[in-house]
Amino acid sequence: MKQTTASMRRTSFAAGLAGALCCSLGLSACGVDQKGIVLLTDPSYRATMIGTSKDGFTMPDGILWRQGKLMLADEGGSAVRVWSHPHDVKTLCDAKLGIHSPEDLVVDGQGNLFFTDDDAGGVWEVDASGRAFQLAGRDKGLVSTEGIALAPNGAILVGDGVRHEVFSVSRAGVVSVFLGSRRGITKPESMAFDDEGNLYIADNVDQVIYMLGRDMKLDRLIQKRENFSPEGIWFANHVLYVTDSKHGKLSRFTPEAGLETIAVFGGQLSYICGITTDDQGRIYVSVQDLKHNFGRIVKLERI
Amino acid sequence: MSAFHRLPGKTKVPACLLGVFWQDFRATLRNLAHERTALVHPGIWLMSNLFILSIGSGAFARMTGINDALYELCNHLAGRSWLLDNLIALPLNNQFIKAAFLGGCFFAAWHGHQVDRNRRILLVSVLASVFVIATTKTLSYAIFSPRPFIQSQKAFHLEDNQLVESRRLPYRVPLDAESQKMYADLVKGDVVQNDLHSFPSDHAGFYVTLAVGILLASRALGWLAVSWTFLVLLGSRIITGRHSPLEVVVGAGIGIVMLLLFQFVFDKWWRRPMDLIVNWTLRHPAIATVLIFMVIFEASNSLQDVHPLLEIGSAAVKHMLHVTP
């Protein structure tokens, strides 16, 4: 009798598993699971996938459009790469250099690339000839570097999420405090200059975007908004673009219209990080799928 | 020639399985009604039911034309009359409409004839409903499927790592304040994450479990509860674009399958502990009524107050232990 009961339980368990498997197979095969969407709040855009991890990168964070190519701070792959076309990705430097999680990057007029690393710290450079090295490291106080921007005077500004400060780094690797912790910025996650020399700083811990004027006056430009957590910012054509990885939103800010959502990213596409634009005003965003360790680059262009 | 023989070849297998499912369902109902052990083997029973569920939902999804057409037909009622839309929207947010009727049916069955049998069935139904909501929540978390009203906007979805423009569903915005605000928020881009995971409907699973549980205990009250659940509670969710018919059908299917499974297991193997509880409720009717009222009150509110209560409880414990300042 006991044997019969045990056998029935085993059969029930196996049947349950088989049924659950059938259910999941049935649902996925029938397209109920849409996996991910880009919902366009501004219907004048259309979205296209231009690159995925299958092209040779892992999970990019900061991205930068330059001369028809995308520079990628491949956070998931511990590398900095250049994407030209699908299946045409070139690695500029990787973990062998000592980098862990490249976060954000900028390129100067001479083609020198500078990037931050929130795990390894420091500021790193890949010069125009392709030589990669650390410009300034943890020993100089750059513990967990996040946002990076090129000041009009040529200095490299770097935000530090542990020190709660913004540093200025010269081309010779000399580090000085640009904005001290007393200014109240908790995590300078991303930074961008506008055409007039104002510096925008996104803080995704306090959920604020600051604007630092040329007179060094720090204003809270966007704050105390529901469902707002700025991850990446980018300034182009008088518009400040903002990505929000927490809520999967891509927005734009202008003083006239305020903050407007362009698109909402959902499902496997919800974690949007880096943002850049090309000369035609097309928007590129990097998307990290942390669950599947998969990266994507999505382009939004006006129809 | 029978209707089955006239079916096209491809549809004979699903039709046959559907027949097995229906026979099992009826047998289970009959056995529960006569206080006898179910005759069907649980493995075959469970597998056929789950298989039917997956085949049924898959076929339905393939026929999204039907699903969309049904949804559009229901949503067509909205946006025409302020009064009608407000009446339809009542069960969405009004806890009295949502919970009181089902709770009343439950209590009537609890105190009705064949008290011990009914109470055993009802207690198992409440237990099953908790597992149903856990199952539907887990499934909906894993499956990405935006609510129909969200699919009215321009969107691109993932297909083989490419972005493909999605078919836009027509949507008539109901005229009640809540639906108007929800749509205005959507147009602004304020989308709640929960609105992107609507498959299957946890409301359907939960309320159908309770209603069918009442049906197993008392036929008259049960049909009232089932009718209320489908026509009022779930109908309003389809009309206002919160769920598609497919999401409701699959949610309800999960609820029915799990309820019958629980009833079978408790009837076959775990009858003794359940009888002990039932006997206790008969010996202590006052306190049992208070406890079951609390459980049913919260259950009929689809357990939405449990999470905030747990959060407050957890914060209070941390505060007392000085874990947080």
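This is a predicted model: local features need pLDDT of at least 70, side-chain atom pairs count only at pLDDT 80 or more; totals for chains, interfaces and linings use all residues.

Strands here are DSSP runs (E, at least two residues), numbered from the N terminus.

Zoom in on strand 3 and strand 4 (residues 69-74) of chain A. They pair in the antiparallel sense over five bridges; pairing requires at least two DSSP bridges. Pick P60(A): its bridge partner in strand 4 of chain A is D74(A).

Now move to chain B. Select helix 9 (residues 202-217) and helix 11 (residues 245-268) of chain B. Helices are DSSP runs too (H or I, at least four residues). How do the two pack? Their angle is about 45° and their axes lie 7 Å apart. Axes are lines fitted to C-alpha atoms over the stretch in contact; angles run from 0 to 180 degrees between N-to-C directions. That makes helix 9 of chain B oblique to helix 11 of chain B. Oblique covers what is left after under 35 degrees (roughly parallel), over 145 (roughly antiparallel) and 65 to 115 (roughly perpendicular).

Show side chains. Among the residues that meet are F206(B) and V212(B) in helix 9 of chain B, and I254(B) and L259(B) in helix 11 of chain B. Contact means C-beta atoms, placed from the backbone, within 7 Å.

Residues are numbered from 1 along each chain as its sequence is written; chains are lettered from A and ligands numbered from 1 in written order. Local features need pLDDT of at least 70, and side-chain atom pairs count only at pLDDT 80 or more, while totals for chains, interfaces and linings use all residues.

Definitions and conventions. Two residues are in contact if their C-beta atoms, placed from the backbone, lie within 7 Å.
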